[in-house]
Amino acid sequence: MGGVDLPRVERAASDTVTAGTANNETSSCTQRTSSRYFPYGEAEMDYLRGKDAKLGAVIDALGHVNREMDGDPFSAVCHHIVAQQISNAALATVWGRLLKAAGLETAHGTDAGTVGAHIDAPTILALGPERLQGCGMTFRKAEYITDFARKVDSGAFDLEAVCTLPDEEAIQAFVTLRGIGRWTAEMILLFSLARPNIFAFDDLAIQRGMRMVYHHRVITRQLFEKYRRRLSPYCSVASIYFWAVAAGAVPGMRDYAPKKRGT
């Protein structure tokens, strides 16, 4: 199979502004992957095939799935805050304006992705919340991004140290930031730090993909944890395939969720 390319943006069930290597779950910010796509290969695919025949059939049908990375962790945090509760089109516009205001552009122009966009704390602080809001984001989001930059710049939030923590400890550190919930923290670990074993229960698209692959009507927490144990230590790779299925990459697969009344 030639593999497929999929867009990067998902949405969690409720993660809004109101609220390395495959064998090593830690990775520093400076040693993060430079790959445009999430790094995995035949070893991870073969492991998942051996653990789960139904997921293995999906892997065989799709081949390698290219999933774009977010870039450096600081930029990723800012990007995720901007992205909350707006459409992909609006995100592309606001993010592009922010990069232009900062004198930056991504490797693919000022689009919605963060690949190649290395925004740093001094740049955000120099812009200030008023100019950030002028890019089209809410003032609350501008405050959250400025607060994050201030904490990184002062050392109150040691981003480099957080990037070296085990998965759960890193997640708990990120959720102390204003505007960052658990799902956002998990996506930062997966798509900025390339952690191999991230599995986000609150991701609606992952749950949809799982219902489609396994023919479940509902993905309960208990059922989700059963699959986490089965697919570990490559839950990130499994997530990429569930996202692909949810997006319609495998013809003929359908969602087994109970139909709502009146539909």
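Biologist: Does Asp167 count as buried or exposed?

Modeller: This is a predicted model, and in it Asp167 has a relative accessibility of 8%. The cut-off for burial is under 20%. Asp167 therefore counts as buried.

Biologist: Which residue does the side chain of Asp167 meet in a salt bridge?

Modeller: Asp167 lies in helix H8, residues 167-174. Its partner is 28 residues apart from it, in the loop between helix H9 (182-191) and H10. The N to O distance in the salt bridge is 2.6 Å, and the partner is Arg195.

Biologist: By about how much of a helix are Asp147 and Lys151 separated?

Modeller: Their side chains form a salt bridge, at 3.2 Å from N to O. Asp147 is buried at 13% relative accessibility, while Lys151 is partly exposed at 26%. Because they are 4 residues apart in helix H6 (residues 139-154), the separation is about one helical turn.

Biologist: How are H10 and H11 oriented to each other, roughly parallel or roughly perpendicular?

Modeller: Helix H10 covers residues 204-214 and helix H11 residues 221-231, and their axes are 12 Å apart. The angle between them is about 80 degrees. Angles of 65 to 115 degrees fall in one class, so the two helices are roughly perpendicular.

Biologist: How many residues of the contact of H10 with H11 are charged?

Modeller: H10 contributes Ile206, Met210 and Tyr214, and H11 contributes Phe224, Tyr227, Arg230 and Leu231. Of these, 6 are nonpolar and none is polar. The charged count is 1.

Biologist: How far apart in space are Pro251 and Ala61, C-alpha to C-alpha?

Modeller: Pro251 sits in the segment after helix H12 (235-246), and it is exposed, with a relative accessible area of 76%. In sequence, Pro251 and Ala61 are 190 residues apart. In space, the distance is 9.8 Å.

Biologist: What share of the residues in the protein chain is buried?

Modeller: The protein chain has 12 helices and 2 strands. It exposes about 11,800 Å². Of its 263 residues, the buried share is 49%.

Key. Residues are numbered from 1 along each chain as its sequence is written. This is a predicted model: local features need pLDDT of at least 70, side-chain atom pairs count only at pLDDT 80 or more; totals for chains, interfaces and linings use all residues. Side-chain values use heavy atoms; hydrogens and water are left out. Buried means under 20% relative accessible area, exposed over 50%, partly exposed in between (1.4 Å probe, protein chains only). Accessible areas come from the Shrake-Rupley method with a 1.4 Å probe; for residues, only the protein chains shown count as cover. Axes are lines fitted to C-alpha atoms, for helices over the stretch in contact, and angles run from 0 to 180 degrees between N-to-C directions. Angles under 35 degrees count as roughly parallel, over 145 as roughly antiparallel, 65 to 115 as roughly perpendicular and the rest as oblique. Contact means heavy atoms within 4.5 Å. Ala, Val, Leu, Ile, Met, Phe, Trp, Tyr, Cys and Pro count as nonpolar, Asp, Glu, Lys and Arg as charged, and the others, Gly among them, as polar. A salt bridge is a side-chain nitrogen of Lys or Arg within 4 Å of a carboxyl oxygen of Asp or Glu.
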